[in-house]
Amino acid sequence: MSALNENRKNAVLFTIALVIAAIYLFPLYWMYVTSLKTNSSIFAVPPEFLPGAPQWQTYALIWNESDILRYLKNSIFIATGVTLVTVIVGAGAAYVLARYRSIWIDIALFTILMLQVLPPSLMVTPIFVAFTSLGILEYPRIGTILAISAKTMPFFVILCRAAFMSIPRELEEAALVDGNSRAGAFVMIVLPLARNGILVAALLIFMQGFGEYVYSASLIADNRLQPASIGMTNYLQPNVVTWNAIMAFAATYVTPILAAFVLLQRKIVSGLTSGALK
Amino acid sequence: MGRLARSLRDGIGFDTLLVFFTLAYLLAFAGLPLLYNIVLSFQSVDMFALGSLFHEVTGLENYRAVFEDPLARTVLWNTILFTLGSVLFQFTLGFALALFFNQAFPGSTWFRGLFLAGWVMPGLVVGVLWNWLLSGDFGVINWLLLNTGIIDDPIFWRSDTDYSLLAVMLANIWYGVPFNMILLSVGLAAIPEDLYEAAELDGATAVQRFFTITLPMMRSTIGAVIALGIIFTLQQFDLFAAITSGGPAGSSMVAQYWSWELSFRQFDFGRGAVIAVMMIVVVLGVAAIYVRSTRQETRL
Amino acid sequence: MKRLAAAAFASGLMASAAFAEDVTLTMWTESSNAPEGVFAKEFSDMDNGIKIDVREVRFDDLVAETLRAFATKTNPDIIAIDNPDHAAFASRGAFLDLTPMVEQSDQIDMDNYFDGPRSSLTWGDGVFGIPRASNTIALYYNKDMFRAAGLDPDSPPATWDALYEAAKKLTDPSNDVYGIAFSAKASEEGTFQFLPWVQMAGGSFDNINVDGAAEALDLWKAFFDEGLTSPDTLTRGQWDSTGTFNGGNAAMVISGPWELKRMAADTQFDWGVTLLPVPSDGAPRASALGDFNLAVFANSEHPSEAFRFLEYYDSQVERVWPEFTRMPSRKGVALAPTGNAKIDAAAPVFVEQLQYARNRGPHPEWPRISKAIQDGFQSALTGQKSSKDALDDAAAAIQKIMN
């Protein structure tokens, strides 16, 4: 193929990519635009695709009125806890499940997947009752972290298992021959090699923890400890729905993670696609 | 050194310990709640006695009540339609995008990264956003469809019994496409380049290469993606809560939402648990499919 | 005068609590900006040895959260609860019977409350709380649109037929205007809006399939079938529906006094409020009785402190109208002028409408009864059943629940 043809092909592909990305991201764009409109221009027909006079004060209002900073801090706290617990508890199993091939491994894999069948909305009552009687709810955010981690664990194990599968077994065996214990070889050789895959999976788990709603709503009674997902529903009360305020809250809530993703996306995507997760 | 210690240090004991650790955690925090739901399904549960595990045992009474409910058939049908429809479109669109971005053109990684934006959004935010996009009188989607001449009258996505389930499905497909695309991209990247080069030398067309190389090499990835897709879709709750609440007149009610509705709107915890048990049975099958698909995996 | 009373009240408390340890109570409510939230903050700021921690719980989740907490004895001391949900808690002994304390009280006298709110919190011989406020629904209408459609803005529709005719005349698809907005949502809001129509036709929640009720439902269905109301009325709550009225996309809306503040601020047209239209001239009136009650849990460790807050709330009841546009449940409390002419003109209409307001229940199984009613009107409005069949099925379901 000539260079000219190659260029033309690239231009066409680039244009197509631009169009589908624009279509896909339109809902997000609409969130931002709506958040900047006035209460009446929200309902204008035809809709305004660019806000005539951006209403930045809606953001100021959200910032002052709804303690969004406190909510976001709690979200980050919970998401961090969920990530740590999930990685620490889940990584070992993912490694073992990638290492062997037997009926017992099948059964373990099956059990792990099975245990994530019910949506949190149906699990929360027994968890609430058990956590209360065990006193775990004295520390409601910890309790929430433990409950969410049980939900994110199966997904993490499956993603990480793929990462461990891509590590040549010979490297680990060489370490064992050198006199390392199994634990030593796991920590010194296998984990560093699977680092990228684990990090990317952990990042995805972080996102799930960041957006979780059902457990946080029921397990955390104190407004001061609740995450931003709960803060947002306070804007969805039957008697206070204003779309621009909700969208402004939503935008404030997701923009930090979106920004982090746009900045890190090269690493994430290449970490996922070029070897780490084979 | 004892046998146990030796096994823990150098042998299978180490592996058993690691898996046991994870399983114990999951059994405690996910297994016991599951069991609680199963036990509740055989009991008549008073709404003020949620704290105790044992109530008046009524055998299959709750099951009978659920199956006799006129809504049961709608829910069964909706759940099947929602799950299969969502997974089919998420998978097809995700696969198409993965193949598209697999052609290395300038900016392809960057664009692929943008699609992750959908996935990192909290479910609740996605639901609220789509509720707004799909609103009947002021929704921007209706406006676009009307002005491009695709429809003549606005569609009341949330309130029309013919469209309500589709409305939630649209949002769910949007939400799930990035997940499918990324996992499938990972699978595509794992196929050795030289297989394609050899096939090209043999004169195979792009379509032939897709069916003889790509699909067979992707079998385990596809199995995993579809199994996870079904399980995630069966758990989808936030979108229903934010867009239709299962209505109007139950037209977009699915199992997971109905179960919650019976438990926490009508406070009939026994019947809510029955539906949870039904879902467990379905996921048993799906999990089995996933485990089977791992048999095709190859390890370095 | 009001302030003075509050100060005197506070000092009285101070004297009695001078030697007591500081007591912290918890209260759950839908919003800390509601009267009980604001009053609780004032009450905590007084030097009376009592602090109240307020937790906001989403309205939709309030009962479920409370049940869960009650099961594990982690429930609050005080709760503000929607009045139809009150009976379930009162009948199971979850709430404290305040009768002995009320007898001792210089502030609270149950006879001062209107019958409706009082009966919503009475179960057997016991009194299980005090009303927070009362509200009801009436018909708001856009006077400018009435004039434009050739209708008399000073004689708004008084009967169902007139309402239908007006809605028809006012509907203007080319300008995106629907004749009427209301809420037929499958939630307590929908029941709240539909039940008065059944009651005006001579029915009630335990007699939902009287002949006139099917006529009412047919009228609702005509609004939908003839495009006189937005199809989203099926899934929209009252606040959102009223939003379309405020934005000029609906010429009439059925909603309550909680809308007044926003309406006065947002609208750029002339509007008024009138009583809910009746089936025919001279037919009995009915309306829904809404709003919350304040209750103390039976397992509270500080019942007398909690009751003192209830007394404080009752002492401030004159403020609930001017500051929150909620209507006091106590007799003889005039609605003080708010300074806004539109709101003050609406006040007497709601006062009159409130006289006809009836309870939902009280019944311990109210959520399930309400669900049967919602299923009834929704299945008719979506064309799955005829109005008659839908209400017959609802009546059968309700009978089953009640027996």
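In chain C, helix α4 (residues 83-91) lies across β3 and β11, running at about 125 degrees to β3(C). Axes here are lines fitted to C-alpha atoms, for helices over the stretch in contact, and angles run from 0 to 180 degrees between N-to-C directions. This is a predicted model, in which local features need pLDDT of at least 70 and side-chain atom pairs count only at pLDDT 80 or more, while totals for chains, interfaces and linings use all residues. Residues are numbered from 1 along each chain as its sequence is written, and chains are lettered from A and ligands numbered from 1 in the order in which they are written.

**The sheet of chain C**

- Five strands of chain C form an open sheet with mixed pairing, in the order β2-β1-β3-β11-β6; helices (H or I, at least four residues) and strands (E, at least two) are DSSP runs, numbered from the N terminus, and two strands pair if DSSP finds at least two bridges between them.
- The edges are held by β2 (50-56) and β6 (130-131) of chain C, each with a single partner strand, so one side of each is left without a neighbour in the sheet.
- Strands β3 (residues 78-82) and β11 (residues 292-296) of chain C run antiparallel and are joined by five bridges, with Ile78(C) standing opposite Val296(C) in β11(C).
- Helix α13 (residues 303-315) of chain C lies across β1 (23-29), β2, β3, β6 and β11 of that chain, at about 150 degrees to β11(C).

**Chain B and its helix pair**

- Chain B has 14 helices and two strands, and its C-alpha trace spans about 80 × 70 × 30 Å along its principal axes.
- The axes of α4 (residues 71-102) and α8 (residues 164-189) of chain B come within 6 Å and cross at roughly 40 degrees.
- The contact of α4(B) with α8(B) has 16 nonpolar, ten polar and no charged residues, where Ala, Val, Leu, Ile, Met, Phe, Trp, Tyr, Cys and Pro count as nonpolar, Asp, Glu, Lys and Arg as charged, and the others, Gly among them, as polar.

**Contacts between chains**

- Chain A contributes 79 residues and chain B 77 residues to their contact, two residues being in contact if their C-beta atoms, placed from the backbone, lie within 7 Å.
- On the side of chain A that touches chain B, the largest share, 15 residues, comes from helix α12 (residues 243-273) of chain A, and the residues of this side divide into 58 nonpolar, 16 polar and five charged.
- Chain B has 23 residues in contact with 23 residues of chain C, and the chain B side comprises nine nonpolar, ten polar and four charged residues.
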